[in-house]
Amino acid sequence: MRVAQAKRAIGWALLVISCVALVLFGCGFVAALQSPSPAPGPPSTPWFVFESGFENGLAGWTGQNKRGADFVIISDPTGSGMGKVMKAFIVNPPPPLLPEDFPYITRRAYPNIWFSLKPLPCSMQEDVWVSRELYEQVMRRGNWYSLLSFFDSDPRRDRKGHVAVTTGLGDDGVLYLNIKDEKGDSFDFPPPLPNAPRLTPQEWHTVKIVVGADGRITLSQDNLEVSVGQLHPMTRRGLVGGHGGLYVGHDIRSSDPDYTGGFILTDNFRIACWR
Ligand SMILES: [Ca+2]
């Protein structure tokens, strides 16, 4: 009798264990079905990298451009632990008064980097902090505002470089792509993706452009996609340099008597190309 009871108990135990195992297996199978596809892994180790966090001033940069604006390397004034940062700002004296839509007025202040053509894919990114004064001034007047300029080489005139992609700030505070044709004129402004994040003032943001070997361009802010586009077919596929910093269009001082100044901070500029 006892043997029979023991056998029955063992039988029940095995049955329960089997059921539990089946349920667990089933749950795992369902979970596997429901989980999103795995995020793509990090790209292979870049074979070309340029980085500047301005800790050694302008070490590594190959030139600079200052017109109607200036920049200095200072300790991070935002208390965000960024170390040295680049502060760019509009400078006096204001230029002559010109029509607000005069096309050749730009204010620029940035170091730039040039090198021999690097095949795609490549990325370019920087951290930015825009003061409220500059942000509102730029947005209120609808000025374009370039954060990153991604240069390829000119396919026809063999110039040193040609702007292939820049970024601008829309009236809605969302960054957009400005894709250039082979002459450097604006070719395409892909609309932002739904729910694209706004570039808020007085906060650090990471802005990044990735251009794939197929010419696909992805603009992201703080690791969220903002806009996607495609290189103009006539531009050469590669990267020869670029810059971040301050680059605004029109004459934002003469067009606004209430202009109160403002500045942009830039840090952790980085270019990477990989295979
Ligand atoms: Ca830094």
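## Exercises on a predicted model

Setting aside neighbours within four places in sequence, Phe150 is in contact (C-beta atoms, placed from the backbone, within 7 Å) with Met124, Ala164, Val165, Ile209, Val211, Leu239 and Gly242. This is a predicted model, where local features need pLDDT of at least 70, side-chain atom pairs count only at pLDDT 80 or more, and totals for chains, interfaces and linings use all residues. Residues are numbered from 1 along each chain as its sequence is written.

**Exercise 1.** Find the residues that touch the most other members of the largest nonpolar core.

*Solution.* Start with the terms. A residue is buried with 20 or more other C-beta atoms within 10 Å of its own, exposed with 12 or fewer, and partly exposed in between, with C-beta atoms placed from the backbone. A nonpolar core joins buried Ala, Val, Leu, Ile, Met, Phe, Trp, Tyr and Cys residues through C-beta atoms within 7 Å. Now look among the 48 residues of the largest core: Ala88, Phe150 and Ile209 touch the most other members. Strand S16 (residues 263-273) gives the most to this core, six residues; strands (E, at least two residues) are DSSP runs numbered from the N terminus.

**Exercise 2.** Locate Gly215 and decide whether Gly215 is buried, partly exposed or exposed.

*Solution.* First, find the loop between strand S11 (205-211) and strand S12 (216-221); Gly215 lies there. Next, count: Gly215 has 17 other C-beta atoms within 10 Å, so Gly215 is partly exposed. Finally, look for partners: beyond neighbours within four places in sequence, Gly215 is in contact with Gln230, Leu231 and Arg237. The C-alpha atoms of Gly215 and Leu231 are 5.0 Å apart, although 16 residues separate the two along the chain.

Technical notes: Helix = DSSP H or I, 4+ residues; strand = E, 2+ residues; numbered from the N terminus. Contact = placed C-beta atoms within 7 Å.
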